[in-house]
Amino acid sequence: MLADRPITPSTLSLKDLPWQIVWDREKCTLCGRCTAVCPVQAIELGVFRKRSVVPSLDPQRPPANSFATYYGIRQKTDPACRCVGCATCTLVCPNDAILPVHSDEADKLRFHINAGGQPRNRGGRRNVPGSILDRIKFTRISMLTDPALDAGRHEFELRTLLGRVLPPEKNLQFLRENGWIPPVREIYPLIIGGMSFGALSPNMWEALQLGVAYLNEELGIPVRICTGEGGCPPRLLRSRFLKYVILQIASGYFGWDEIIHAIPEMKEDPCAIEIKYGQGAKPGDGGLLMWYKVNRLIAAIRGVPAGVSLPSPPTHQTQYSIEESVAKMILSMSMAWGFRVPVYPKISGTSTAMAVLNNLTRNPYAAGLAIDGEDGGTGAAYNVSMDHMGHPIASNIRDGYKTLVELGQQNEIPLFAGGGIGKSGNLAANAAALIMLGASGVQVGKSIMQAAAGCVGSESDRCNICNIGQCPKGITSQDPRLYRRLDVDAVAQRLVDTVLSFDTELKKIVAPLGRSTSLPIGMADAIGIDDAHAAGRLDIRFVV
Amino acid sequence: MCRLFAITSQDPLSPMVAIEALDVMREGHDGSGVGLFLRDLGGPFEEIKDAPILSGIFTDAGLKRLDAFMMDIGFMTKYKLSIKVPKAVPPGVPRRDVYLIRAYEYPEEWDGLPAAELQRRLLQVRLQLRHMGEEKRDMIVFSFWPDVIMIKEIGDPLTVARYLRLERKELRARVIMAQGRQNTNYAINLYACHPFFIQGLASMTNGENTAFVPIREFLASRGFDGYIGYQSDSEVFTHILHYTLHSLKLGLEAYKHVITPLNDAAIAAHPDAVLLRHLKHSCRPLIIDGPNCVIGCLLDHSLFMVQDRKKLRPGVVGGRPGRFAFSSEICGLDAAIPDRDKARDFQPMHLDTVIIGPDRQEIRTCSQTDPLPPAP
Ligand code: SF4
Ligand code: SF4
């Protein structure tokens, strides 16, 4: 900073930032790749002054100064251009001359990202590392009491059901009498959760669809993918691959004009319809696609003008009571596909989730309930919503399952858990823990982005700029210069690898518990945790 | 692992046949308990086939409470088999006041009740007695059903049988099921001893039931009074059988489809694919998933055996017309029916249900891939 520059309250030093750029003049070739690639222009070409003292041993000649300038990389301290730690500069540097490092203390920046009274807005996840799910252990191992199963050789059927399952007596009666039996899908317990076309780049979307199609058609693993609220490309709507897709409708109804018009031309029914009432990352807030990302393609699919921000309202405008309007919406959606497609709501984790669930138990058309916990991700939201709003998923799912058990409907309304599953990299263990707490399956987003596409975002506030369309990996960008970085085939391949390794790990968990032919939903006697309060709350074993 | 033995014979047999068969399989159980289920009785019970028989263990005080209770609801004792036990109790066997086997005359008001209602009331009486007994710890009730006797006790099977003098001639039956207990994860409690009984159906199992907790939760939430207990993870097998036959009104052939459904590819190829898929979905929480061999007895006196989906347990059936037996091990079979054609012994595999019908003429095998018989 120059000496005559005024200091304002928001004048920050490098030390006040969360990420500092360490640059090595020795290694730098001044190629300029880092400054060109930085998604937030946090670094620029710097001109530095260098004074050197030139001592002299000759008493006749006094010591002198030499003055020089040199070029290098300078990090900006303007909050608008703060470094987000994505390390894309490091990635492109041919000489390993540059690296972001995390500040050793809490940054001061956080007090200043509200210029103009606009609170911080970002993408990503809750900036709190770790999860109670990581602490759940699988403690019931069949050994000498029984031969344990062999994850590598025995027959496994790790499938779950999505749809309203009738009680056995009624099911058989309706079968005899030709009554209406609600549609039920046999799917893989790992669902790729709703990430919209718009939030994700076209390459990312295509890659996920490609990977899902491969998993289904070549490997026989019935993984399903949810569209999120952003419609669905017209060709996919009219293709046989639609059966692997869960169409989401949310409060902005984006893309639904296109979908409804495509119904007569659909070759296959979609897997299901998800009505999004809430999202774990930003409970009580609608969806948001910021204007940067609304290009002509997105605008066309969503049926809106280009270049404007697209907020969906916090709630469905038609929704005035759960008893009537949720029921009506479920019914309308069911009717649109001739009652052949399961329709279920998705809500954010909340202490009022049981009221919603209780209501659904009385609605014969409700095909399930997806609950998205506080660790869910998003393309764009207020920081405060992401970090402080929402309910942990574990206790919500457990309460939900126990409520259903009390009603005897534990097999009738499948619960799907979302939000932070695999956030520490333990995808299969987290999923299995939730299944044993009572979930029928899990919805996963961020973890797939990290594993399949190399998202660098983290809970220590790294990157998380999915909202501004500058995703350095091209995952959440609509700029072709960025998303061309994403090789569609390579991402699809990574998705397949990720699911296959998940599958092996899941078997490695359930086989020693003596389970193989049915998913151990609600098998809470198999798990424990090293925290007495958590054990009490979740009604599982306390183990130390 | 527990050892199981069951026999069905044209001529009434002493339960000692089964106890001796268990004894030759001694290596497989630790003598921590024995359970006996006798049906199609001979001896003095031959004449009173319709009279419900109460089997259980009582303290002297419990017996008084029982008498008062039964009198109150109008049951009159018709016949009783008194087991007087010697003063010296063998080691490992608890001292009891009364082992009760008592046949009753129905109350007059029950005359002409439809069968279903009669069965419901018999269950209610048994449950009521069980609750009373649990309250004061003075009675343990195993069964209350016509033509059925059950005896269970802690200790080595042969020791217990000799102590109770089970060879007595009043105790003869054409169908006998016996289990020698290997105590594993649950504390010894007589309600945890096999065979289990509900409304005329009985079954016994070996192996650990890994899916026990979700199954128990599912059964307990069916709203049926009889689905209680579960001191043993194997009791659910009896209740699933009951649920399949009574609530779902399916035949025994469907039982295996409930507890160990076919995989999706096999269902798709099955002539009853639609029914089986619905059954698999709606009965999903009843899938047992464990290594288990189940032997059971139906109301019509048929005996059957099924294995888990992977056939991880031993089990064999063999015999000759008029006498067939199921056993965990072939040596048990050899002890009970040495004069059989061993070449015809059959070890049911992962798809089989084997049934010896009430006529005891042959081993009937049905595979899960066979079409289901039309609904009864
Ligand atoms: S780490 Fe990312 S945001 Fe920071 S300077 Fe490097 S490229 Fe820019
Ligand atoms: S890498 Fe892309 S998707 Fe991941 S946090 Fe950064 S901007 Fe978001």
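A residue counts as buried here if 20 or more other C-beta atoms, placed from the backbone, lie within 10 Å of its own, as exposed if there are 12 or fewer, and as partly exposed in between. On that count, 51% of the 376 residues of chain B are buried. The model is a predicted one, with local features needing pLDDT of at least 70 and side-chain atom pairs counting only at pLDDT 80 or more, while totals for chains, interfaces and linings use all residues. Residues are numbered from 1 along each chain as its sequence is written, and chains are lettered from A and ligands numbered from 1 in the order in which they are written.

Chain B holds 10 helices and 16 strands, these being DSSP runs (H or I, at least four residues, for helices; E, at least two, for strands) numbered from the N terminus. Two residues are in contact if their C-beta atoms, placed from the backbone, lie within 7 Å. Of the contacts in chain B with a separation of 6 or more, 75% link residues 24 or more positions apart.

Next comes the meeting of the two chains. Chain B brings 31 residues to the contact and chain A brings 33. On the chain B side, helix 5 (212-220) and helix 9 (273-282) are the elements giving two or more residues. That side splits into 11 nonpolar, 12 polar and 8 charged residues, with Ala, Val, Leu, Ile, Met, Phe, Trp, Tyr, Cys and Pro taken as nonpolar, Asp, Glu, Lys and Arg as charged, and the others, Gly among them, as polar.

As for chain A, an automatic or database assignment divides it into domain 1 (14-118) and domain 2 (132-279 + 319-374 + 392-542). The centres of the two domains, over C-alpha atoms, sit 44 Å apart. Each domain puts 9 residues into their contact, and the domain 1 side has 6 nonpolar, 3 polar and no charged residues.
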